[in-house]
Amino acid sequence: MFAFKLVNVGVAKRTFSSSATVANGVKVAVLGAAGGIGQPLSLLLKHNKSISHLSLYDIVNTPGVAADISHINTASKVTGYVRENDGLKLALTDSDVIVIPAGVPRKPGMTRDDLFNTNAGIVKELAVAAAEFAPKAIMTVISNPVNSTVPIISEVYKKYNIYDPRRILGITTLDVVRASRFVSELKGTDPSNEKVTVVGGHSGVTIIPLLSQTGHTFTDEELKTLTHRIQFGGDEVVKAKAGTGSATLSMAYAASCFVDSLLRAMVKGEKGIIEPSYVKSNLFNSDNIEYFASNVELSAEGVGKVHPLGKLSAYEKDLLAAALPELKKNIAKGAEFVANSKD
């Protein structure tokens with residue numbers, strides 16, 4: 001673990017030109033860039049014209065990944081760092097957006113929560129470094145279990161007096177990507193025209209697809225089958241890869257979509273950019289649920305507005321009732337991890 005001396009840093013408002021290009025774009029740091037998600041994600045981000053500097057970090061192999069990606073004929077600069085020689089400090093300094101796909105992948109039979117003991121420590125370590133070297137950056141989190149890792153980062157930031165809930169977002173876009181594809185397969189539509197609202201959390205029963213809001217009608221059997229497939233789509237990939245990995249490519253695609261939407265709001269000043277995200281939310285304060293995924297309007301500060309869920313069907317209300325206790329446990333587990341840490 002890193003042993004950093006931290007200072008209190010005020011969170012200042014960042015402003016970006018509405019006509020920003022690569023010349024005055026943003027620095028995006030990908031932490032875990034040499035991994036199964038990090039490599040394809042970095043490749044996709046190299047095509048984003050709002051990014052002027054793509055900063056890649058991992059414990060091994062990152063200089064090679066950066067050298068490879070840097071040959072792509074788009075304008076952004078690419079740098080790669082490993083742990084040695086202040087690599088994490090260099091990767092993070094002056095970053096506007098941080099994306100964390102770091103961590104171990106799931107294997108057959110594992111749930112996202114089974115990853116907690118390993119990935120919680122990795123995410124905490126990176127959050128401590130971000131607090132030191134990039135306290136004003138918007139933090140976006142892929143590392144599972146997202147239901148717990150977002151609270152981990154929040155609690156670290158609270159310790160160092162830089163916490164701004166608008167600037168910490170869990171990326172749950174893959175649930176929407178999957179749901180849209182699965183619905184389109186069933187209904188014979190163009191998947192790019194489907195966008196299913198998915199709320200709750202980012203694992204198992206905490207994933208709640210609001211299929212009643214799609215404009216389609218489903219039989220009871222279709223609802224149950226679709227819902228289960230959306231909730232446990234990751235298991236489908238883990239099983240198909242037979243122990244060699246998890247949903248890395250689709251996750252990289254989903255994350256790149258989310259980052260692109262965030263940069264459209266940050267850099268270009270576009271309004272009405274709405275993406276699902278697991279964030280600090282007041283939607284279920286009465287149930288003592290501090291974090292919840294729902295449609296979020298993005299802004300230059302990260303979270304602009306958390307949207308309500310809208311009208312739910314009876315089936316979706318039952319899904320919500322099953323999700324909330326599990327979500328509450330996941331959140332508490334993340335917060336307790338930081339509280340019980342020695343450093």
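**Stop 1: Ser281**

This is a predicted model. Start by selecting Ser281. Ser281 counts as buried because its relative accessibility is 2%, and buried means under 20%. The residue lies in the loop between β9 (274-280) and β10 (291-299).

Now show what surrounds it. Beyond its neighbours within four places in sequence, Ser281 is in contact with Ile289, Glu290, Tyr291, Phe292 and Val306. Follow the side chain too: that of Ser281 reaches the backbone nitrogen of Leu283 at 3.2 Å.

For a sense of scale, draw a distance from Ser281 to Thr189. The two are 92 residues apart along the chain. Their C-alpha atoms are separated by 33 Å.

**Stop 2: Asn288**

Stay in the loop between β9 and β10, and select Asn288, which is also placed there. Is Asn288 buried or exposed? Asn288 is exposed, because its relative accessible area is 58% and the cut-off for exposed is over 50%. Check the backbone as well. Asn288 is not a glycine, yet its phi is positive, about 60 degrees.

**Stop 3: Asp86**

Jump to the loop between β3 (77-81) and α3 (87-92), where Asp86 is found. Asp86 counts as exposed, at 52% relative accessibility.

**Stop 4: the cis bond**

Next, select Asn144 and Pro145. What kind of peptide bond joins Asn144 and Pro145? The bond is cis, with omega at about 0 degrees. Pro145 sits in the loop between β5 (138-141) and α5 (146-159), and Asn144 is found in the loop between β5 and α5 as well.

Keep Asn144 selected. With 18% relative accessibility, Asn144 counts as buried. Its side chain reaches the backbone nitrogen of Val146 at 3.4 Å.

**Stop 5: Asn330**

Select Asn330 and Asn147 together. A polar contact of 2.9 Å joins their side chains. Asn330 belongs to helix α10 (residues 314-339). Asn330 counts as buried, since its relative accessibility is 5%.

**Stop 6: helix α1**

Color helix α1, residues 38-45. Which residues of α1 are buried? They are Gly38, Pro40, Leu41, Ser42 and Leu45. A helix has 3.6 residues a turn, so residues three or four places apart point the same way.

Now show the partners. The buried residues of α1 pack against β1 (26-31), β2 (51-57), α2 (62-70), β4 (97-100) and α9.

**Stop 7: α1 against α9**

At what angle do α1 and α9 pack? The angle is about 35 degrees, and the axes are 8 Å apart. The crossing of α1 and α9 is right-handed.

Show side chains for this contact. From α1, pick Pro40, Leu41, Leu44 and Leu45. They meet Leu249, Ala252, Tyr253, Ala255, Ser256 and Val259 in α9. The residues of this α1 and α9 contact divide into 9 nonpolar, 1 polar and no charged.

**Stop 8: Thr248**

Step back to Thr248, in the loop between α8 (233-240) and α9. Thr248 counts as buried, because its relative accessibility is 13%. What does Thr248 touch, not counting residues up to four places away in sequence? Its contacts are Gly36, Ile37, Pro40 and Lys241.

**Stop 9: α6 against α9**

Finish with helix α6 (residues 173-187) and helix α9 (residues 249-266). Their axes come within 8 Å and cross at roughly 110 degrees. Angles of 65 to 115 degrees count as roughly perpendicular, so α6 and α9 are roughly perpendicular to each other. α6 passes α9 in a right-handed crossing.

Select the contact residues. α6 contributes Thr173, Leu174, Val177 and Arg178. α9 contributes Ser250, Met251, Tyr253, Ala254 and Phe258. The residues of the contact of α6 with α9 comprise 6 nonpolar, 2 polar and 1 charged.

Leave Tyr253 of α9 highlighted. Tyr253 takes part in the contact with α1 and in the contact with α6.

Technical notes: Residues are numbered from 1 along each chain as its sequence is written. This is a predicted model: local features need pLDDT of at least 70, side-chain atom pairs count only at pLDDT 80 or more; totals for chains, interfaces and linings use all residues. Side-chain values use heavy atoms; hydrogens and water are left out. Axes are lines fitted to C-alpha atoms, for helices over the stretch in contact, and angles run from 0 to 180 degrees between N-to-C directions. Helices (H or I, at least four residues) and strands (E, at least two) are DSSP runs, numbered from the N terminus. Angles under 35 degrees count as roughly parallel, over 145 as roughly antiparallel, 65 to 115 as roughly perpendicular and the rest as oblique. A crossing is left-handed if the near helix is turned anticlockwise from the far one by less than a right angle, and right-handed if clockwise. Contact means heavy atoms within 4.5 Å. Ala, Val, Leu, Ile, Met, Phe, Trp, Tyr, Cys and Pro count as nonpolar, Asp, Glu, Lys and Arg as charged, and the others, Gly among them, as polar. Buried means under 20% relative accessible area, exposed over 50%, partly exposed in between (1.4 Å probe, protein chains only). A polar contact is a pair of N or O atoms within 3.5 Å; within protein, one must be able to donate a hydrogen and the other to accept it, and residues adjacent in sequence count only if both atoms are side-chain atoms.
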